[in-house]
Amino acid sequence: MPFKTVIVGTGIAGLAAGIALADKGHQVTILEATSKLQAIGGIIVVQANGNRALDRLGVYKKFAEVCGTKPLPGGVRRYSDGSDITARKAEIFTDQWGYPFYTIHRADYQQVLWETAKEKGVTLHLGCRVVSVEDETTTVVLRSGERIEADLIIGADGVKSTVRTIAISDSPDAIRDCKLDVTRVNLPSAIVRSDPDTSPAMDYIALFFGPQTTIANVPIRRGGEWVLGIDYIHPRDENSADGYSKPQDFEHMREYFKDFVPFYQKIMDYTEEANVWRIIETMPKSWTSKKGRVVIIGDAAHAVQPFVGQGGAMAVEDAICLAECLDRAETIDDIPAVLRAFQEIREPRCKLVQDWSAAQGQRATLLDGPMQEKRDEMLKKLDTETFREPWNRVHVDMNPDSIMSSEWEPWLQGHDAFIYANKELDKRFRVRTHE
Ligand SMILES: Cc1cc2nc3c(=O)[nH]c(=O)nc-3n(C[C@H](O)[C@H](O)[C@H](O)COP(=O)(O)OP(=O)(O)OC[C@H]3O[C@@H](n4cnc5c(N)ncnc54)[C@H](O)[C@@H]3O)c2cc1C
């Protein structure tokens, strides 16, 4: 049965869910607080599982065109001299997992999803801040006073989710402040290339692991031009604020990153504008409201530290799984049960990615010494073992015990949210005949 659905937020989660639900014939309206599609932020890396999810959503071709075809090698590097700790060839992701490792600007990513949502008949409203959600009547209330009643409300409104706080959980445990900030910079390729010291940074994707700090160096295509996107992750800065970004002071940055390879100091010389954000995780116990027809997805439900570049992929996987879950509901009365199933199916995977990313964050910021040396050895070994043999295309459904397990990468990168959701739903509901 087609449901009248209201989604709050036009981030990756909201737009992906809008597309997935419209594809299934549901009537979808998305409400966004900002007056234009958000172009804030910077780089997003999209790994094999994220690209497979976009393929399921039917937007992969368009997405890949925007990313561009330039393959880049990647790996982890030592902060002080730039030497490789791990090194992966550009084509290794496609060879191993069937999809590449793409980099894209967040605004371009959202634009692709926005255009597709429109083509699919999703109604999109900008400048509509949701200020309240009434669980009893499944109604959202806008700042303007307008009320919109629906069969189902989806909160895709990010880490500071109003939908979560009002309709699901306002417990302080739902949020974890990591006491880390990220300062984000985008520099035109022409500037980076103009200096022989900084020019090589356009030719690879790299994470530089340093004491208490990390740099993600990610070239992206922006409006047809290449740009160097850099995320500087550092301890909490007095410039950062709760819930929104603020201009960063580069004197602070110079101090945090003074021992890094000198060309990052040069990059700072060339940078005119940088913004700092706080990194926050979300982990509410429930993703659904008491009455059961309000659900949260994406960062509202499971925001993750950025060390493994998986938050956006988790959001698209959520969208696919949610659409499959709703497909098992024949009437409005079935919605609470399928939304509970949605959380049961998605939460273990998202939780493991969160835990892994937090652990990776601790590893990435170790002080120099025996633990750091052990880490570097372990990463080298893991990389060699992971890519020793081609993936056998068998999806690993069980959560692996540890990231040292040989099943870790097939579990993460080989995941197909559509297949997995239907496998799990078949255990809980009427078995689908896939007519
Ligand atoms: C530093 C950093 C680096 C990252 N790097 C990567 C990466 O490389 N790869 C990756 O996959 N992921 C990455 N992520 C994670 C990724 O950005 C998010 O997980 C992803 O964007 C999902 O976001 P979302 O749609 O759930 O929320 P958001 O992007 O936060 O979107 C929420 C939307 O809801 C709107 N909204 C909020 N409140 C209201 C309201 N009351 N009414 C109406 N609208 C409202 C907001 O304006 C916004 O448009 C990174 C995150 C960080 C912080």
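## A buried arginine in a helix

Arg 375 belongs to helix α13, which spans residues 370-386. Helices (H or I, at least four residues) and strands (E, at least two) are DSSP runs, numbered from the N terminus. The model is a predicted one, in which local features need pLDDT of at least 70 and side-chain atom pairs count only at pLDDT 80 or more, while totals for chains, interfaces and linings use all residues. Residues are numbered from 1 along each chain as its sequence is written, and side-chain values use heavy atoms, with hydrogens and water left out.

Arg 375 counts as buried because its relative accessibility is 5%; buried means under 20% relative accessible area, exposed over 50%, and partly exposed in between (1.4 Å probe, protein chains only). Leaving aside neighbours within four places in sequence, Arg 375 is in contact with Ile 85, Phe 209, Arg 363, Ala 364, Thr 365 and Leu 366. Contact here means heavy atoms within 4.5 Å.

## Strands β3 and β5

Strand β3 (residues 43-46) pairs with β5 in the antiparallel sense, over four bridges; two strands pair if DSSP finds at least two bridges between them. Within this pairing, Ile 43 stands opposite His 105 of β5. In strand β5 (residues 102-105), Tyr 102 and Ile 104 point one way, Thr 103 and His 105 point the other way, and all are buried. In a regular strand the side chains alternate between the two faces of the sheet.

Gln 47 is placed in the loop between β3 and α2 (48-57). Gln 47 is buried, because its relative accessible area is 8%. Not counting residues up to four places away in sequence, Gln 47 touches Phe 93, Pro 100, Phe 101, Val 308, Gly 309, Gln 310 and Gln 413. A polar atom of the Gln 47 side chain lies 2.8 Å from the backbone oxygen of Val 308, and a polar atom of that side chain lies 3.2 Å from the backbone oxygen of Gly 309.

## The ligand and its shell

Around the ligand there are 32 residues, of which Glu 32, Val 45, Arg 106, Asp 299 and Gly 312 come nearest; a residue is near a molecule if one of its heavy atoms lies within 4 Å of it.

| Ligand atom | Polar backbone atom of | Distance |
|---|---|---|
| Nitrogen | Val 130 | 2.9 Å |
| Nitrogen | Gly 309 | 3.4 Å |
| Oxygen | Ala 313 | 3.5 Å |

On its own the ligand has 1000 Å² of accessible area, and the protein covers 86% of it. Accessible areas come from the Shrake-Rupley method with a 1.4 Å probe. The elements that give two or more residues to the shell are α1 (12-23), β3, β11 (175-188) and α11 (311-327). Of these, α11 gives the most, with three residues.

## Two loop residues with positive phi

Thr 138 has a phi near 50°, a positive value in a residue other than glycine. This residue lies in the loop between β7 (130-134) and β8 (139-142), and Thr 138 counts as buried at 0% relative accessibility. Gln 212, in the loop between β12 (205-210) and β13 (213-222), has a positive phi near 60°. Most residues other than glycine have a negative phi.

Technical notes:
A polar contact is a pair of N or O atoms within 3.5 Å; within protein, one must be able to donate a hydrogen and the other to accept it, and residues adjacent in sequence count only if both atoms are side-chain atoms.
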